[in-house]
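Welcome! Let's walk through this structure together, one question at a time.

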Amino acid sequence: MTKHTLLGLSGSLRSDATNRKLLREAARLFGECTYAEADLRLPLYDGDAEAADGVPGKVMDLAGQIAAADAVLISTPEYNKGPSGVLKNALDWVSRTKLAPWKGKPVAVMSAAAGRAGGERAQMVLRGFMVPFQPRILQGPEVHLADSSNQFDENGRLTSEQYTKTITDLMAALRAEIGR
């Protein structure tokens, strides 16, 4: 059995963010894999800065990580009915590289938010943002983790069997998509 490489992109920068916990749980439920989380602490996209200095090294590193991964997991909070600016900024910067790392890449999208919709609107908008990059985004099962700060135990494991099953099913679909 091949050991796959997964890259996680969290739309939240906080080290203890529920979106990071959700990504880690998804990687655990995926099964044997190599998992890394990308660093999205990038400068704000600025066309003048790009013209003067080129694409920053950290952005090139991120694009390289995406290209090298067998699949990418993305989890975003919902801020004002959309994904975080941090995540959008990373997508914008990566689009400026010549690598086109998203093209044909299997991607599983999730969201974790305090509200009862679990970031559903943010996830819908994020899926639209990804269209120009032509990844192979899984259509489901959808994971919208509601009341996210109350869904993990002290070890970062999900406490809900329903969410665990949904993520397990999403990771099985991701494994199948990688094998396509």
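Helices (H or I, at least four residues) and strands (E, at least two) are DSSP runs, numbered from the N terminus. This is a predicted model, in which local features need pLDDT of at least 70, side-chain atom pairs count only at pLDDT 80 or more, and totals for chains, interfaces and linings use all residues. Residues are numbered from 1 along each chain as its sequence is written, and side-chain values use heavy atoms, leaving out hydrogens and water.

Q: In which loop is the place of Asn80, and is Asn80 buried or exposed?
A: Asn80 sits in the loop between β3 and α4, and has a positive phi of about 55° although it is not a glycine. Buried means under 20% relative accessible area, exposed over 50%, and partly exposed in between (1.4 Å probe, protein chains only). Because its relative accessibility is 79%, Asn80 counts as exposed.

Q: What is the phi of Lys81?
A: Lys81 is also placed in the loop between β3 and α4. Most residues other than glycine have a negative phi. Lys81 is not a glycine, yet its phi is positive, at about 70°.

Q: Which peptide bond is cis, with omega near 5°?
A: Most peptide bonds are trans. Look at the loop between β5 (136–137) and β6, where Pro141 lies. The cis bond, with omega near 5°, runs from Gly140 to Pro141.

Q: What radius of gyration does the chain have?
A: The rule for a globule is 2.2 Å times the number of residues to the power 0.38, with the radius of gyration taken over C-alpha atoms. With 180 residues, a compact globule would come out near 16 Å. The chain agrees with this, as its radius of gyration is 16 Å.

Q: Which residues of the largest nonpolar core touch the most other members?
A: A nonpolar core is a set of buried Ala, Val, Leu, Ile, Met, Phe, Trp, Tyr and Cys residues joined through side-chain atoms within 4.5 Å. The largest one has 25 residues. Those that touch the most other members are Leu6, Leu22, Leu73, Met110, Ile167, Met171 and Leu174.

Q: At roughly what angle do the axes of α1 and α6 cross?
A: Axes are lines fitted to C-alpha atoms, for helices over the stretch in contact (heavy atoms within 4.5 Å). Angles run from 0 to 180 degrees between N-to-C directions. The axes of α1 and α6 come within 9 Å, and they cross at roughly 65°.

Q: Is Ser75 buried or exposed?
A: Ser75 lies in strand β3. Not counting residues up to four places away in sequence, Ser75 touches several others, including Leu9, Asn19, Leu22 and Met110. Since its relative accessibility is 0%, Ser75 counts as buried.

Q: Which residues of helix α4 are buried?
A: Helix α4 covers residues 85–95. What covers its buried residues includes β1 (4–10), α2 (47–53), α3 (57–68), β3 and α5 (120–130). The buried residues of α4 are Leu87, Asn89, Ala90, Leu91, Trp93 and Val94.
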